[in-house]
Number of protein chains: 2
Amino acid sequence: MNRARTPRIADVARRARVSLATVSRVLNGKSTVDPRLAARVTAAATELGYRPNHVARNLRARSSTVWGIVVADITNPFFTRIVRAVQDAAWKERRTVIVCNTDEDLDRERGAIDVLVAEGVGGVIIAPASETATDVRPLTDRGIPVVAIDRRLPTAVDCVLVDNIAGGRAATEHLLASGARHVACITGPRDTTTARERLLGFRQALAAAGAERGSFSHADYREEGGRAALLRWIRQDRLPDGVFVANNLMTLGVLRAAYEQGISVPGDLRVVGFDELPWGGGVAGRVPVVVQPTTAMADAAVAMLARRESGDRGPARNVVLTPRLHALDRSVKLTVVA
Amino acid sequence: MNRARTPRIADVARRARVSLATVSRVLNGKSTVDPRLAARVTAAATELGYRPNHVARNLRARSSTVWGIVVADITNPFFTRIVRAVQDAAWKERRTVIVCNTDEDLDRERGAIDVLVAEGVGGVIIAPASETATDVRPLTDRGIPVVAIDRRLPTAVDCVLVDNIAGGRAATEHLLASGARHVACITGPRDTTTARERLLGFRQALAAAGAERGSFSHADYREEGGRAALLRWIRQDRLPDGVFVANNLMTLGVLRAAYEQGISVPGDLRVVGFDELPWGGGVAGRVPVVVQPTTAMADAAVAMLARRESGDRGPARNVVLTPRLHALDRSVKLTVVA
DNA sequence: GTGAAAGCGCTAACAA
DNA sequence: TTGTTAGCGCTTTCAC
């Protein structure tokens, strides 16, 4: 690669007839430089088409404008939106983002963290694959700030969370308010806090309304899990007339099961989901969902990271944001035709 | 940041009682080293918890295991899947990917390219914001290999494309085969090749079938554009009974317009889209679509990049992949209820 | 306010 | 095969 022809700081210095140090100072605006020298430097830099070499800068300055973001699956619209929002926020701070997928796999997550360490990123935002097993110490040991998003971590790091209990409550209240009498909940795996909290919100809402204890089921946060849970109830002849489904993929699964079984939504079965369905305003918008404020979450995470980078050594903080229910003014019924 | 405590190659060398160079050789497996020394080195490295510093490595070796990918909007499922697939493929090659969003904005795209240059990435995969105005020379001038994906570039670089004509033809043939008689096409902006090619495929299919010349409309590849196009035909009382919509967002817009107007799909209006709708197998799966082989595209792009990085200086190549029609075995009718 | 010089951690000549 | 050494391009003391 013919990088030799790329101008370096020395070329700019020569052309502007100043020293290396002066060029660096002008380019970084750190120290004060005689305006006339500065003008010469900037002129020379543009004439030469000088581009800084961040790699060298990072090595010397031991700091990087690159951040890392680690998520389970960028294909999941929730994470896509988080990544997108983080990137937009980071861009405004003139930083770049390395995105890593973990597939909810601890080994891949470990690998991703290693790479981010090796690349010397300035900070990491992570949606941990596990609340107990994810180990961010390779980062924190090196003083690289970490912000957990969506889930907590065993280590004491900054967190951006959503009030899942409130979300579960809001979803359930909506079901009850829309006339459902036998409501149920399909939540995520037992060992995830989000699943437990959303279920707790469901129970709180039922208790508060003096309603009967609804049935619930733990599934795996995947489409098939939601589908299977609903089918099971159908087989057992215990089909509820309202169901709160604790994430987006399972909500799809529930809807699919309903169509397969000729159950009309929301006629026979009211469904409230958690997490936006993709293109929420569009065709899939017939199901009310509790949406997580992804932009606000990303902004909060970016702000925390920026604070830590600028030297804040205070104790870890938690930011808890409240999700809102997105109900619909009209809904659409689906029926199987052929 | 307390990086001072991080072990460097020198620490490993001291502990293994060998020279820096030997450690480097062992760690990179480039040169042959006495197995006993090698064993001492690896032992020392693990004992110390040594992690390589890619930044230093890049600076010295003028090469990087980081690639960049530049897309218009990671929120668009087509690009999400491309990014995901590129990452998976890159991961297998032990490389990391910096993702940049351009928002179809040339300035942001330019900025993204500058950053990637500054970060010294080893290669870039780009879905160009424009086929004419996007300038990748900052990369190519420095010998950084570039692969364009989804759209061509004015510069001679490797390209991974989809046969849009064949896609448009397949979509239209499906409409005709399913009994539509007055078919129409909503395609993208006049100045994009994809839009022109998909429309061309539409026309070819009509001509081949000896059908009447279908009407068509150029829109902006956004949801509202598709919606508006259909509404216009409705107003003009020229509603077709089959429509080929040339991208995913516009397809949603068309569906939305149909529901708003009480037009049943596919009863009154057959729709065939282009690009997968999100979670294609799920609820949104009632519309057959021409899907682009994102995984194959990503694999091809990664393979081309890897070849270039390993020194291939041959002329630019094009890889053209054929999209497939995903029809459905059953379809689902939507009707407005409330 | 400016310049000279010393590295950041690593790899790749070149010697031995 | 192994070690010594000279940088990669930049920032940042430290003198002036």
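# A tour from the DNA outward

Start at the DNA: a base oxygen of DNA strand D is 3.1 Å from a polar backbone atom of B:Arg60. Keep in mind that this is a predicted model.

**Stop 1: DNA strand D**

Stay on DNA strand D and show the protein around it.

Now look for contacts to phosphate. Select A:Asn28. A polar atom of its side chain lies 3.2 Å from a phosphate oxygen of DNA strand D. Then select B:Arg62. Here a polar side-chain atom is 3.0 Å from a phosphate oxygen of DNA strand D.

Which parts of DNA strand D make up its atoms within 4 Å of the protein? Sugar or phosphate accounts for 64% of them, and bases for the rest.

Color the helices H2 and H4 in chain A, then H2 and H4 in chain B. Each of these supplies at least two residues of the surface near DNA strand D.

**Stop 2: DNA strand C**

Switch to DNA strand C. It has 24 residues around it. A:Thr22, A:Asp34, A:Arg60, B:Ile9 and B:Tyr50 come nearest. Of the DNA strand C atoms within 4 Å of the protein, 66% belong to sugar or phosphate. The rest belong to bases.

- B:Arg8 has a polar side-chain atom 3.3 Å from a phosphate oxygen of DNA strand C.
- B:Asn28 has a side-chain N or O atom 3.2 Å from a phosphate oxygen of DNA strand C.
- B:Ala56 uses its backbone: an N or O atom there lies 3.3 Å from a base nitrogen of DNA strand C.

Which helix gives the most to the surface near DNA strand C? Helix H2 of chain B does, with four residues. H2 (20–28) and H4 (54–61) of chain A, with H2 and H4 (54–61) of chain B, each supply at least two residues there.

**Stop 3: helix H1 of chain B**

Select residues 9–16 of chain B. This is helix H1. Show B:Val12, B:Ala13 and B:Ala16, which are buried. They lie on the same side of H1(B), because they cover an arc of only 100 degrees around the axis. What do the buried residues of H1(B) pack against? They pack against helix H2 (20–28) and helix H3 (35–48) of chain B.

Step just past the end of H1(B) to B:Arg17. Its phi is positive, at about 55 degrees.

**Stop 4: strand E3 of chain B**

Select residues 123–126 of chain B. This is strand E3, and both of its faces are covered. In a regular strand, side chains alternate between the two faces of the sheet. Find B:Gly123 and B:Ile125 on one side of E3(B), then B:Val124 and B:Ile126 on the other. All four are buried.

Four bridges join E1(B) to E3(B), and the two run parallel. Look at B:Trp67: its bridge partner in E3(B) is B:Gly123. B:Val124 stands opposite B:Val146 in E4(B).

**Stop 5: the six-stranded sheet of chain A**

Move to chain A. Six strands form an open sheet there, in the order E7-E6-E8-E9-E10-E12, with mixed pairing. Which strands are at the edges? They are E7 (215–218) and E12 (324–326), each pairing on one side only. Neighbouring strands of this sheet are turned by 20 degrees against each other on average, direction ignored.

Zoom in on E10 (residues 289–291) and E12 of chain A. Three bridges join them, and they run antiparallel. A:Val290 stands opposite A:Leu325 in E12(A).

Now show helix H8 (residues 164–177) of chain A. It lies across E6, E8, E9, E10 and E12 of chain A, at about 165 degrees to E9(A). Helix H11 (residues 248–260) of chain A also packs on the sheet. H11(A) touches E6, E8 and E9, and its direction makes about 160 degrees with that of E9(A).

**Stop 6: A:Arg151**

Finish at A:Arg151. It sits in the loop between strands E4 (146–149) and E5 (158–162) of chain A. Is A:Arg151 buried or exposed? Its relative accessibility is 11%, so it counts as buried.

Follow the side chain of A:Arg151. A polar atom there lies 2.8 Å from the backbone oxygen of A:Pro128. The backbone oxygen of A:Ala129 is 3.1 Å from a polar side-chain atom of A:Arg151. Residues touching A:Arg151 also include A:Glu104, A:Glu131 and A:Cys159.

Key: Residues numbered from 1 in each chain as written. Chains lettered and ligands numbered in written order. Predicted model: local features only at pLDDT ≥ 70, side-chain atom pairs only at ≥ 80, totals over all residues. Heavy atoms only, no water. Buried < 20%, exposed > 50% of the residue type's maximum accessible area, 1.4 Å probe, protein only. Arc of directions from axis to C-beta. Contact = heavy atoms within 4.5 Å. Pairing = 2+ DSSP bridges. Axes fitted to C-alpha atoms, helices over the stretch in contact; angles between N-to-C directions. Near = heavy atom within 4 Å. Polar contact = N/O pair within 3.5 Å; in protein donor to acceptor, adjacent residues only side chain to side chain. Lists of a residue's contacts leave out its neighbours within four places in sequence.
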